[in-house]
Amino acid sequence: MINRIIYRTYEWATTNPPRNISDTLTLEKSENGITLKEISDYNSNRLEKVYAVSERQFSEIEDLFIKNGIENGIKRALASKTQPPFPTTVGGGSGAVFSAVKEGEELVCDVIFPELSEFINSFKRLRDGCGAPISETGEPFAINGATISVFVPAIESEEPDEGEWKCKACGYAHNTGSFCTECGTKKSDD
């Protein structure tokens, strides 16, 4: 039985002013019920929404976790991992972390493999079926002129534009730096 699932993406830069962005999506089952919480942080701005999740919706996510073999996939990915956790570059970096608590055991992974990518996209779509938030704190804010009020976009499967590259681990197609902005995987040399 799964108690909690967390997916967090982050990006930081030592620009002037410094930029720190993170988006977190947390699904949690407790004695008080089942909730899905979205948190978006941009420097000192924070927006948080909490949604009620039905038992059926939670069961679908739990079944997908088991069907996709996420637990064993995480263990295999971590055992064969060659890059250090949380890739960084001078002046900034980006990455993603996935965590699940199943029967008291916490599984944490910062390597996104195909089955996990598929699961994360389904996990993100859960929000669409929850209706309006049951609570909301903070105000929408703007990053580079775009208002942030919806969080953690689904990993895209389209082709990259000129000057961009597509991540082989998660399929995100609009990367420009050395690491995937969606999952943190280092750009391959080929």
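Helix α3 (residues 114-125) has 12 residues and reaches 17 Å from its first C-alpha to its last, close to the 16 Å expected at 1.5 Å a residue. The expected span of a helix is 1.5 Å times one less than its number of residues. Helices (H or I, at least four residues) and strands (E, at least two) are DSSP runs, numbered from the N terminus. The model is predicted: local features need pLDDT of at least 70, side-chain atom pairs count only at pLDDT 80 or more, and totals for chains, interfaces and linings use all residues. Residues are numbered from 1 along each chain as its sequence is written, and side-chain values use heavy atoms, with hydrogens and water left out.

The buried residues of α3 are Leu116, Ser117, Phe119, Ile120, Asn121, Ser122, Phe123 and Lys124. Buried means under 20% relative accessible area, exposed over 50%, and partly exposed in between (1.4 Å probe, protein chains only). Ser122 lies in α3. Its relative accessible area is 17%, so Ser122 is buried. Ser122 touches Ile61 and Leu64, not counting residues up to four places away in sequence. Contact here means heavy atoms within 4.5 Å.

Helix α1 (residues 55-67) has 13 residues. From first C-alpha to last, α1 reaches 18 Å, close to the 18 Å expected at 1.5 Å a residue. Gln57, Phe58, Ile61, Glu62, Leu64 and Phe65 are buried in α1. These residues lie on the same side of α1 because they cover an arc of only 160 degrees around the axis. The arc is that of the directions from the helix axis to the C-beta atoms. Exposed residues Arg56, Asp63, Ile66 and Lys67 sit on the face of α1 turned away from its buried side. Just after α1, Gly69 takes a positive phi of about 65 degrees.

Two packed helices are described by the angle between their axes and the distance between the axes. For α1 and α3, the axes come within 10 Å and cross at roughly 175 degrees. Axes are lines fitted to C-alpha atoms, for helices over the stretch in contact, and angles run from 0 to 180 degrees between N-to-C directions. The two helices, α1 and α3, are therefore roughly antiparallel to each other. Angles under 35 degrees count as roughly parallel, over 145 as roughly antiparallel, 65 to 115 as roughly perpendicular and the rest as oblique. On α1, the contact is made by Ile61, Leu64 and Phe65; on α3, by Phe119, Ser122 and Phe123. By class, this contact of α1 with α3 has five nonpolar, one polar and no charged residues. Ala, Val, Leu, Ile, Met, Phe, Trp, Tyr, Cys and Pro count as nonpolar, Asp, Glu, Lys and Arg as charged, and the others, Gly among them, as polar.

The chain has three helices and 10 strands. From the N terminus on, its elements run β-β-β-β-α-α-β-β-β-α-β-β-β. Buried residues make up 45% of the 190 residues in the chain. Of the contacts with a separation of 6 or more, 57% join residues 24 or more positions apart.

Tyr10 lies in strand β1 (residues 2-13). Tyr10 counts as buried, at 10% relative accessibility. Its C-alpha atom is separated by 5.6 Å from that of Ile21, 11 residues apart along the chain.

Gly177 is placed in the segment after β10 (146-148). At 34% relative accessibility, Gly177 counts as partly exposed. Leaving aside neighbours within four places in sequence, Gly177 is in contact with Trp165 and Lys187. The C-alpha atoms of Gly177 and Lys187 are separated by 8.0 Å.
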